[in-house]
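Please read the report below alongside the sequence and the structure.

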Amino acid sequence: MQPLLKELDYTIEDFKFISSIVYNPLLLVVDGKSNINSVQDLINESEGKTFKVGHPGVGTVNDIAHEAFFNTAGIKVTNVPFKANNESIAAIIGGHIDIAAVHPMESAEYIQNGQLKVLGIFTPERLELFQDTPTIAEELERAEIDFEFKDYDFSAWYYLAVPKDTPDEIVTTLRDNMKKVLADPDF
């Protein structure tokens, strides 16, 4: 995303990629005590209201997913940028903001203990780990709203990469070792 937002002194061609390490989807969440239980509830509740939305900075995948969703659904929001998703989560639980798109790795415990409630997931299809969580596109379709981004996956991918001039034998060694790590059930 960075090259689309600002001038950089590097490009993706400056790297050799070793491995994808983490796939981290975005979940649209509200406070666990909220009377909003679905995207339809959110749309209904939004009439004449402006929600405060937290995200970890302008131009992040969270911010872009929010913009795509809220603009499509016609929901008015005030953006509240934070330094990280954990700050958005604390702000929701503390009653300072209304909603955010966050990753499971920082929100899972709060979802499990009921402090956060998931309204939808920003992926084109439901995921195995979130079979009961509808996609944002599904929810908007139920509300009879066409979501032009229904085939987009607003997730974060984390990769291990090295400078492009790294010798091939080192790249091969790193790839082989990452395959072992990723195949390890303890990992």
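## A starting point

Where is the place of Tyr10? In this predicted model, Tyr10 sits in the loop that runs between α1 (2–5) and β1.

## The nonpolar surface patch

Tyr10 belongs to a nonpolar patch on the surface, which it forms with Ile12, Phe15, Phe17, Tyr23, Trp157 and Tyr159, and the accessible area of these residues together is about 700 Å². The largest share, three residues, comes from β1.

## The largest pocket

The largest pocket has a volume of about 750 Å³. Its lining consists of 22 residues, and the ones closest to the pocket centre are Met1, Gln2, Pro3, Trp157 and Tyr159. Trp157 and Tyr159 are therefore named both among the residues closest to that centre and among the members of the nonpolar patch, whose nonpolar side chains are joined within 5 Å.

Which elements each supply at least two residues of the lining of the largest pocket? They are α1, β1, α3 (61–73) and β7, and of the elements it is β7 that gives the most, with five residues.

## The largest cavity

The structure also holds one cavity of 30 Å³ or more, and the volume of the largest cavity is about 30 Å³. The residues that line the largest cavity are Phe122, Thr123, Pro124, Ile136, Ala137, Phe147, Phe149, Lys150, Tyr152 and Phe154.

## Overall architecture

The chain contains seven helices and seven strands, and when these are read along the sequence they follow the pattern α-β-β-α-β-α-β-α-β-α-β-α-β-α. Taken along the principal axes, the C-alpha atoms fill a box of roughly 60 × 40 × 30 Å. Of the 187 residues in the chain, 38% are buried.

## Confidence of the prediction

The mean pLDDT of the chain is 94, and 100% of its residues reach 70 or more. Within the chain, confidence is highest in strand β2 (residues 27–31), at 97, and lowest in α1, at a mean of 76. The element with the lowest confidence, α1, is also one of those that supply at least two residues of the lining of the largest pocket, and α1 lies at one end of the loop that holds Tyr10.

How values were computed: Residues numbered from 1 in each chain as written. Predicted model: local features only at pLDDT ≥ 70, side-chain atom pairs only at ≥ 80, totals over all residues. Heavy atoms only, no water. Patch = residues over 30% accessible without salt bridge, like charges linked within 9 Å, V, L, I, M, F, W, Y side chains within 5 Å. Areas by Shrake-Rupley, 256 points an atom, 1.4 Å probe, with all protein chains shown as cover. Salt bridge = Lys/Arg side-chain N within 4 Å of Asp/Glu carboxyl O. Helix = DSSP H or I, 4+ residues; strand = E, 2+ residues; numbered from the N terminus. pLDDT = per-residue confidence, 0-100. 1 Å grid on protein atoms, 1.4 Å probe; cavity = no way out; pocket = protein on both sides within 12 Å on 5 of 7 lines; lining within 4 Å. Points joined across faces, edges and corners; volume = space filled by probe spheres on them. Buried < 20%, exposed > 50% of the residue type's maximum accessible area, 1.4 Å probe, protein only.
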